2 protein chains.
Amino acid sequence: MDPASQPQRRNNLDNLRVVLVATRNPLNIGAAARAMSNFGAAQLRAVNPYEVAFREARSAVGAAELLAGAKEYATLAEAVADCRLVVGTTAGRRRELQHELRRLEAGGRAIIRQLKTGPVALLFGSEKVGLSNEDMSHCDWLMRIPTREEHGSMNLGQAVAVCLYELVRETAKAEEKRPRPAVEEPKAQAGEIERLTQLLCQVLGASGYIKPRVARATEEKLRRMLHRLDLSASDAELWLGMLRQIQWKLKDR
Amino acid sequence: MDPASQPQRRNNLDNLRVVLVATRNPLNIGAAARAMSNFGAAQLRAVNPYEVAFREARSAVGAAELLAGAKEYATLAEAVADCRLVVGTTAGRRRELQHELRRLEAGGRAIIRQLKTGPVALLFGSEKVGLSNEDMSHCDWLMRIPTREEHGSMNLGQAVAVCLYELVRETAKAEEKRPRPAVEEPKAQAGEIERLTQLLCQVLGASGYIKPRVARATEEKLRRMLHRLDLSASDAELWLGMLRQIQWKLKDR
């Protein structure tokens, strides 16, 4: 039997959430939906899509059902709240990045591992400017498709297609070799990291650590740092408990 | 240096000819051109494009030069005449195929080998019907992208992007090592982790979080947790600063 016609050993993308942030062009939403249907990812989330782009999404050949089930969110924090890994995509060359940046091949492997244990968000920014620094502060790390330096920026639908292809691409070899940790600690959800970010900001605000003039930049810095820590769910819970007690004590004056 | 920022060990696509057969939609020609520019394939050939599609090709962000250099042919035979390998792409399920069919991962490896010695044509059929049996008869073999059985047919520009990505995708073992942060952050010294542990215990003691009876066990638990975080020196410094401010505020009563 020809390998091409064998029933496919496919990675399961049930746990993947494709998150489009501030997408402006309905054609691109439709194209992303079609690529998702081609590769077996069903959950599309749109954050603050431009005007009527979300409603007018067309050209989604074969993906009407997927589009009908897509969800709309007012903020990125809400869109990724239930995810245990949040990965932003970027052309990765236009500014100083404050995040770890992985090539798609390596990033894809990390995402595949995480998809086996819980929800993963894969973020795509707007056509014009990509993800903002604040968007990126919600990410655990960033990933880039290995495009040419001279022309790095891809069409949105094509970028989605290439990333999803990498996730269903054959990986049997790599997976056989990889040793697994004896007990896999579940990672904290992005929603918990966000609650931790907000609580830490409140405590630091009450302590006079955060200067109002740079409060927003400090918040982004702290969010990045907390994502960088790669907290387990139980460690996040521990930090929340400690900070709540400190907050209570600071108020109790 | 991070693999993501290294000058890329890229397969050379100079010998690749992307051949669009009977494409009907100018947007798709533009999208194919953009993907080619992203991944470094320069030679686009169009066979019998539908009416004025070839002239009206748009949305080719950054690929205008590539499109201007594209060549038009009346027949497929002429378009592939100089190529030593001709590969057709297909969703591969709608009819009896009389050709060898390879999945993209395996077909890509064969194409990469051939590109080192001479021109290779990669054919994409029309949006509606793909390649005809006659078109396929010009092919050495066929290749399919591993899409879902239930929705195999991809958008043309996305199919081009995915195929070209496979051709520039890393294959060298050396690059498959675990990725590193973009800038190698020195890790915190154990002494810093210990200072952090002590300071955290003091703050939590002042807040009433730590019960005196189990203070020692709590201290050990916190020390283990702080080591688990694998903090960089700068993140440890950041935490020390935040906790010192909180401690100062708690005392300032």
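In this predicted model, the sulfur of Cys163(B) lies 13 Å from the closest cysteine sulfur, that of Cys139(B), which is too far for a bond. Cys163(B) counts as buried, at 2% relative accessibility. Over all chains, the search finds 0 disulfides. The cut-off for a disulfide is 2.5 Å between sulfur atoms.

Turn next to the contact between the chains. Chain B puts in 75 residues and chain A 72 residues. About 6200 Å² is buried between them, with 55% from carbon and sulfur atoms. On the chain B side, Gln158(B), Tyr165(B) and Trp239(B) lose the most area to chain A, together 10% of what that side buries.

Asp235(A) forms a salt bridge with Arg228(B), with the closest N and O atoms 2.4 Å apart. Residue pairs in polar contact number 26. Several elements of chain B supply at least two residues each to the side touching chain A, including α1, β5 and α7. The largest share, 10 residues, comes from α10(B).

Helix α10 of chain A spans residues 215–228. Its 14 residues reach 20 Å from first C-alpha to last, close to the 20 Å expected. Its buried residues include Thr218(A), Leu222(A) and Met225(A). The cover over the buried residues of α10(A) includes α6 and α9 of chain A, together with α10 of chain B. Just after α10(A), Asp230(A) takes a positive phi of about 55°.

Terms used:
Residues are numbered from 1 along each chain as its sequence is written. Chains are lettered from A and ligands numbered from 1 in the order in which they are written. This is a predicted model: local features need pLDDT of at least 70, side-chain atom pairs count only at pLDDT 80 or more; totals for chains, interfaces and linings use all residues. Side-chain values use heavy atoms; hydrogens and water are left out. Buried means under 20% relative accessible area, exposed over 50%, partly exposed in between (1.4 Å probe, protein chains only). Helices (H or I, at least four residues) and strands (E, at least two) are DSSP runs, numbered from the N terminus. The expected span of a helix is 1.5 Å times one less than its number of residues. Contact means heavy atoms within 4.5 Å. Buried area is the accessible area (1.4 Å probe) that two parts lose on being put together, summed over both. A salt bridge is a side-chain nitrogen of Lys or Arg within 4 Å of a carboxyl oxygen of Asp or Glu. A polar contact is a pair of N or O atoms within 3.5 Å; within protein, one must be able to donate a hydrogen and the other to accept it, and residues adjacent in sequence count only if both atoms are side-chain atoms.
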